[in-house]
Amino acid sequence: MTKVIKNGTVVTADLTYKADVLIDGGKIIEIGPDLKGDEVIDATGCYVMPGGIDPHTHLEMPFMGTYSADDFESGTRAALAGGTTMVIDFALPSPGEGLLDALKKWDNKSTRAHCDYSFHMAITWWGEQVFNEMKEVTDRGINTFKHFLAYKGALMVNDDELFASFKRCAELGAIPLVHAENGDVVAEMSAKLLAEGNTGPEAHAYSRPSQVEGEATNRAIMIADMAGVPLYVVHTSCEEAHEAIRRAKMNGKRVWGEPLIQHLTLDESEYFDKDWDHAARRVMSPPFRNKQHQDSLWAGLSSGTLSCVATDHCAFTTDQKRYGVGDFTKIPNGTGGLEDRMPMLWTEGVNKGRITMNEFVAVTSTNIAKILNCYPKKGAVLVGADADLVVWDPEASKTISASSQQSAIDYNVFEGKEVKGLPRYTLSRGVVAWGDGKIQSQEGHGEFVARDAGMPVTKALSTWKELTAPRPVQRSGIPATGV
Ligand code: DUC
Ligand code: ZN
Ligand code: ZN
Ligand code: ZN
């Protein structure tokens, strides 16, 4: 049974043209004019784009004494309803737990996914077991390892562990990811704020100024450079971090930055002069920033110094957020966004002239598929690619509301925002997974996408080899009198 998407305009990261798209066996088999198929999907007035890829989600993750409320079932429904056809979630070993044991848990949870998915592996502690298992993890098709420079006493790794893991990534041809906030400084500032009676959610923002992110981003970039690996910086939220990434790129380093849709469109005023629940629901790390930082992120997307827009989808209910009443450090960190990422970015980005449609495709799908080594299976409208597609209606509009969302939580941080530009259909490997305003896919339809290590971008770097090459012994290393 073939399907044909008719009368649409194909929009990719570099081209815009009128064509029909023919699908069979879950793949695109032909692109061109006047194609015929057994089943017709009408794309009149719509753009046909690669389905979105969200490179940063935390589904059913144990964190801060609870579990994030969206699991692979509700989370991937939210993804599809918003035009996203693949999520990359973080397998998170608790400190001391083996990587392969954590991976088993993520394998089990993800059997319920409605759309395709892949994993990053988090490095939350260091030892021989972790060193060895990193190889088995890459053999399983996971070529990315995440490191937290924040969450001291829980997930944070120190610089010696970071350097050791980055060097291991270099050996394996894997890419390290980093959550860049200085965890030591955050811990001290948090303790001081609490001691002074600042217990509310706004203190969360005070405890994590942009400098802690700028410092950690630059540190991770330099350590990656010495280890001879590229670096992917998650949730880049401020000018200081963006500046470090820009500078690294200018100096020829392979470093990528990932702003979140939340940081692009919501600012720090969400924490101030608001009721406790409103502010706590928006507590995430890094926190929302001011307008200058937002302008910097938008400029990064249009200039290409920032590469991918993600969500860090880590949703907690209001009841879960209330664990932190009386102590802001106990408010589970995280916000949702999977369903809203593409409509919000289209509305605030494309409709407002900040980015082009082609840039939209690049930053929501194609760039990350290339970085993570699953292009052109994903992120492309090409013959042979998976038919993960979104039929995007630029005239469709809605008001975002928790009352109509797929996510399992009881609020939405974008509540009340008007968006124009929505998926009419979302296809996951040729199956219409979202259409006529409802989910049509089956739980368990999603498949794991393996991503090989040893890709050209990781092979090209040689800094570590140069730094550790045998050096000539310097005369100055020998005492003048001789020994
Ligand atoms: N930040 C969050 O806000 N939640 C999950 C983890 C993170 O780094
Ligand atoms: Zn993070
Ligand atoms: Zn995260
Ligand atoms: Zn379902």
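**Close-up views of a predicted model**

**View 1. Buried residues of helix α1.** In this predicted model, the buried residues of α1 are Phe 72, Glu 73, Ser 74, Gly 75, Thr 76, Arg 77, Ala 78, Ala 79, Leu 80 and Ala 81. Because 10 of the 10 residues of this helix, which spans residues 72–81, are buried, α1 is largely enclosed by the rest of the structure. A residue counts as buried here if 20 or more other C-beta atoms lie within 10 Å of its own.

**View 2. The surroundings of helix α1.** The buried residues of α1 pack against one helix and several strands, namely α2 (99–109), β8 (52–57), β11 (84–91), β18 (418–428), β19 (431–435) and β20 (438–439). After the helix comes Gly 83, whose phi is positive, near 90°.

**View 3. An open sheet with mixed pairing.** The sheet is formed by 4 strands in the order β5-β4-β1-β6, and it is open, with mixed pairing. Its edge strands, each of which pairs on one side only, are β5 (27–32) and β6 (39–42), and from one strand to the next the twist averages 25°. Strand β4, comprising residues 20–24, runs antiparallel to β5 and is joined to it by 5 bridges; Val 21 has Ile 31 of β5 as its bridge partner.

**View 4. The residues around ligand 1.** The shell around ligand 1 consists of His 58, His 179, Met 284, Ser 285, Asp 312, Cys 314, Asn 333 and Gly 334. By residue class, this shell divides into 5 polar, 2 nonpolar and 1 charged.

Terms used: Residues are numbered from 1 along each chain as its sequence is written. Chains are lettered from A and ligands numbered from 1 in the order in which they are written. This is a predicted model: local features need pLDDT of at least 70, side-chain atom pairs count only at pLDDT 80 or more; totals for chains, interfaces and linings use all residues. A residue is near a molecule or strand if its C-beta atom, placed from the backbone, lies within 6 Å of it. Ala, Val, Leu, Ile, Met, Phe, Trp, Tyr, Cys and Pro count as nonpolar, Asp, Glu, Lys and Arg as charged, and the others, Gly among them, as polar. Two strands pair if DSSP finds at least two bridges between them. Helices (H or I, at least four residues) and strands (E, at least two) are DSSP runs, numbered from the N terminus. Axes are lines fitted to C-alpha atoms, for helices over the stretch in contact, and angles run from 0 to 180 degrees between N-to-C directions. A residue is buried if 20 or more other C-beta atoms lie within 10 Å of its own, exposed if 12 or fewer, and partly exposed in between; C-beta atoms are placed from the backbone. Two residues are in contact if their C-beta atoms, placed from the backbone, lie within 7 Å.
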